[in-house]
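Take a look at the model below.

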Amino acid sequence: MAIRIEGKLLAAQVKERVAAGVKELKEKGIEPCLAVIMVGENPASQVYVKGKVKDCAECGIKSLEIHLPAETTQNELLQKLAELAGDAGVHGLLVQLPLPAHIDEKTVIEAIPPQKDVDGFTAVNVGRMMIGEECFLPCTPAGCMEMIRSTGVSISGKNAVVIGRSNIVGKPAAMLLLRENATVTICHSRTENLKQVCANADILVAAVGRAGFVTGDMIKPGAVVIDVGINRNAQGKLCGDVDYDAAAEKAGYITPVPGGVGLMTRAMLMQNTLQAAQKQALAK
Ligand code: NAD
């Protein structure tokens, strides 16, 4: 039976370290601050933003919640971003996605200065990650890596399979595994023989967005299984991409949903915000 990788415990450890770092900065007169812009009334986004504000409070980070109406134009949003980008009291800046259809996400993301891009979504931060330079790592893949490392299983030389190739999860997760010398395969909607490929994975990261997509027969005995998915099953219950019970029979380590990657994603955002404040303080 697999050992559960407890997101709650690991996230609490990260947030404790962040809180200590925040305290140090405050003693030097710097109050780390994260600004979160939300456009419209997406209910899931409202929950996520609330979580970020709560995490900030727990870590001692100041949060600015900027809620703009759904009919906000792209230019109005860009103006707000420019204002926050130029505000020395704001260290981290993010726009909650998705945005209403009349606003171009790429244009908005690129309006965030890389040094305040604590989501790690701008082309500059993604590029730096690719070439192994210092950058803000995207929070979900960074959280996955923390969870894998927490097992003590060595990553170097192992077969790692990532299912999903999105810019915010699949691709960067694969890149971070490669950086730690895993032999990485990225699977996606056109992949042939998916089951066989996954069944050979020492480390399996599932980021598909389909409940029960990863079945027990896709798990190599002893594998580390990281479930990024956030779905609702037929009963309306929150669940991941992995059939947890079946996978836990074979895996060595497995993350639950809820209580897994989602909590680590939130914790990594706090870590990035602290780092943003530390770097900006040094750059002064
Ligand atoms: P996405 O829809 O952008 O990407 C899904 C990926 O799955 C695609 O790259 C696609 O190629 C692949 N895919 C689809 N069908 C497939 C198939 N039959 N076989 C193999 N691959 C297939 O989604 P995303 O933004 O990467 O998110 C993935 C999941 O992770 C979602 O459930 C999302 O809610 C969740 N998520 C969780 C967190 C977190 O903090 N836990 C953060 C971001 C996303």
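A residue counts as near a molecule if one of its heavy atoms lies within 4 Å of it. Keep in mind that this model is predicted. Here 21 residues surround the ligand. The closest are R165, S166, H188, I230 and T265.

What kinds of residues make up this shell? By class, nine are nonpolar, ten are polar and two are charged. Helix α10, residues 261–283, gives the largest share of the shell, with three residues.

Now look at single atoms. An N or O atom in the side chain of S166 is 2.5 Å from an oxygen atom of the ligand. R165 comes in through its backbone: a polar backbone atom there is 2.8 Å from a ligand oxygen. I230 also uses its backbone, with an N or O atom 3.0 Å from an oxygen atom of the ligand. How much of the ligand does the protein bury? Taken alone, the ligand exposes 860 Å², and the protein buries 72% of that.

Next, find S45 in helix α2, which spans residues 43–59. Is S45 buried or exposed? Its relative accessibility is 3%, so S45 counts as buried, since the cut-off for buried is under 20%. Leaving out residues up to four places away in sequence, S45 touches M38, Q96, L97 and P98.

Finally, turn to A101. It sits in the loop between β4 (92–95) and α4 (105–110). A101 has a relative accessible area of 85%, so it is exposed; exposed means over 50%. A101 and R210 are 109 residues apart in sequence. In space, their C-alpha atoms are 24 Å apart.

Technical notes: Residues are numbered from 1 along each chain as its sequence is written. This is a predicted model: local features need pLDDT of at least 70, side-chain atom pairs count only at pLDDT 80 or more; totals for chains, interfaces and linings use all residues. Side-chain values use heavy atoms; hydrogens and water are left out. Helices (H or I, at least four residues) and strands (E, at least two) are DSSP runs, numbered from the N terminus. Buried means under 20% relative accessible area, exposed over 50%, partly exposed in between (1.4 Å probe, protein chains only). Contact means heavy atoms within 4.5 Å. A polar contact is a pair of N or O atoms within 3.5 Å; within protein, one must be able to donate a hydrogen and the other to accept it, and residues adjacent in sequence count only if both atoms are side-chain atoms. Accessible areas come from the Shrake-Rupley method with a 1.4 Å probe; for residues, only the protein chains shown count as cover. Ala, Val, Leu, Ile, Met, Phe, Trp, Tyr, Cys and Pro count as nonpolar, Asp, Glu, Lys and Arg as charged, and the others, Gly among them, as polar.
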